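Colleague: I have a new model open and would like to talk it through with you. Could you take me through what the coordinates show?

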Amino acid sequence: MSPALLAALTVFVLAILCGFAVISKVPATLHTPLMSGANSIHGIVLVGSMVIAASASDPLSQVFSFIAVAFATMNVVGGYVVTDRMLQMFKRRPAAAAPPAEPKAEG
């Protein structure tokens, strides 16, 4: 294994551990704003993958760039769906209508 590959794998594993440690300590009330910020970052990833796909020349790079665009698109759409569902939890539900009053019996 080359030293460059070992260094890249080390950084990757440390990034995973650091990300897990940070995200696991986020309170539930902050998840929605963080998801909105993450969606904008994933939008940038989508644009970058589309730029790379446009410059792909050989068939293997075209396949990989198509896969990158597909995954980036799924990530953006999924992030917005999750954010929308989380925001729905904070909306007020309409109050139930009072049942109509029954007529009083005379007598």
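**Helices, burial and surface**

Modeller: Let me start with one residue, bearing in mind that this is a predicted model: S49 counts as buried, because its relative accessibility is 7% and the cut-off for buried is under 20%.

Colleague: Where does S49 lie, and what is S49 in contact with, leaving aside its neighbours within four places in sequence?

Modeller: S49 lies in helix α2, which covers residues 31-54, and once the neighbours within four places in sequence are left aside, S49 is in contact with A68, V69 and A72.

Colleague: And S65, is that one buried or exposed?

Modeller: S65 is buried, with a relative accessible area of 7%, and S65 lies in helix α3, residues 59-88. Leaving aside its neighbours within four places in sequence, S65 is in contact with I52, A53 and A56.

Colleague: Which residues are buried in α3?

Modeller: In α3 the buried residues are S65, V69, A72, V76, G79, T83 and M86. As background to that spacing, an α-helix has 3.6 residues a turn, so residues three or four places apart point the same way.

Colleague: Changing topic, which residues make the nonpolar surface patch?

Modeller: The patch is made by L60, V63, F64, F66, I67, F71 and M74, and has an area of about 770 Å². One of these residues, L60, lies in helix α3 and is exposed, because its relative accessible area of 53% is above the cut-off of 50%.

Colleague: What about the whole protein, how many helices and strands are there?

Modeller: There are three helices and zero strands, and the pattern read along the sequence is α-α-α.

Colleague: What is the radius of gyration, and what would a compact globule have?

Modeller: The protein has a radius of gyration of 25 Å, whereas a compact globule of 107 residues would have one near 13 Å. Along the principal axes, the C-alpha atoms fill a box of roughly 100 × 35 × 20 Å.

Colleague: How much of the protein do buried residues make up?

Modeller: Buried residues make up 12% of the 107 residues, and the accessible surface of the protein comes to about 9000 Å², of which 75% belongs to carbon and sulfur atoms.

Methods
Residues numbered from 1 in each chain as written. Predicted model: local features only at pLDDT ≥ 70, side-chain atom pairs only at ≥ 80, totals over all residues. Heavy atoms only, no water. Helix = DSSP H or I, 4+ residues; strand = E, 2+ residues; numbered from the N terminus. Buried < 20%, exposed > 50% of the residue type's maximum accessible area, 1.4 Å probe, protein only. Contact = heavy atoms within 4.5 Å. Patch = residues over 30% accessible without salt bridge, like charges linked within 9 Å, V, L, I, M, F, W, Y side chains within 5 Å. Areas by Shrake-Rupley, 256 points an atom, 1.4 Å probe, with all protein chains shown as cover. Salt bridge = Lys/Arg side-chain N within 4 Å of Asp/Glu carboxyl O. Rg over C-alpha atoms; globule rule 2.2 N^0.38 Å.
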